[in-house]
Amino acid sequence: MVAGAIVVAALAILFVVNQSGEDEVGPSAVESPTEENAIVRADSRILGEEGTSGVTFVEFLDFECEACGAAYPIVEDLREKYAGEVTFVIRYFPLPGHFNSERAARAVESAARQGKLEEMYSKMYETQETWGEAREPHDDLFRSFAEELGLDMDQYDADYASAEVADRVARDIEDGTTLGVQGTPTFYVDGELFQPQSVDDFSTVLDEALAQ
């Protein structure tokens, strides 16, 4: 199967660490996290509905990261398979080497504040090839996505430029840094670091967590 081969090949680069120096995110005041709340906070963004089992699947992600883009369809399949059972959480972790990744995170968070988290989350990955790796700002493009989703644009513009949204993204980065996250995607299942070696590993780890 060609599609299966592509996914397996994508997994080969899934955990290539994109190391860098200082974060490109502007200075923001964030509270110091502890190990207990660094993986999932009470207000962390959830894709879909919260699962009933208590099992959590957390991804620290960067919308400009090609490996995250490769993981996106895998996670979507998991969400369909484990809908209602597992809680899928996203944490923003834009890498400093990606020019538009912090902007993309702010756009997604701004959409989330109008109940359109999933739609903007998907939009970023589905269009990644058109804006990823660019070295010029794509604020206008992300704004056009918000218009397509029918968002209140006055609110979107205010949120996108706000210190509150920037701080929200910075807090996720701070949490990831506390945990030792260096590259994306980085996964945690029930508070434990999860490093898959194959597509099947994703279902295996969740099945094991649900069985406990």
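Two exercises with worked solutions follow.

The structure is a predicted model, in which local features need pLDDT of at least 70, side-chain atom pairs count only at pLDDT 80 or more, and totals for chains, interfaces and linings use all residues. Residues are numbered from 1 along each chain as its sequence is written, and side-chain values use heavy atoms, with hydrogens and water left out.

**Exercise 1.** Determine how α4 and α8 are oriented to each other.

*Solution.* Step one: helices are DSSP runs of H or I with at least four residues, and strands are runs of E with at least two, numbered from the N terminus. Helix α8 covers residues 153-160, and its axis lies 9 Å from that of α4, at an angle of about 135°. Axes are lines fitted to C-alpha atoms, for helices over the stretch in contact, and angles run from 0 to 180 degrees between N-to-C directions.

Step two: angles under 35 degrees count as roughly parallel, over 145 as roughly antiparallel, 65 to 115 as roughly perpendicular and the rest as oblique. The two helices α4 and α8 are therefore oblique.

**Exercise 2.** Classify the ring pair of F60 and F93.

*Solution.* Step one: rings of Phe, Tyr and Trp (its six-membered ring) pair if their centres lie within 6.5 Å; planes under 30 degrees apart count as stacked, over 60 as edge-to-face and the rest as tilted. For comparison, F57 and F187 form a tilted pair, with 5.3 Å centre to centre and 45° between the planes.

Step two: the centres of F60 and F93 are 6.1 Å apart and their planes stand at 85°, so this pair is edge-to-face.
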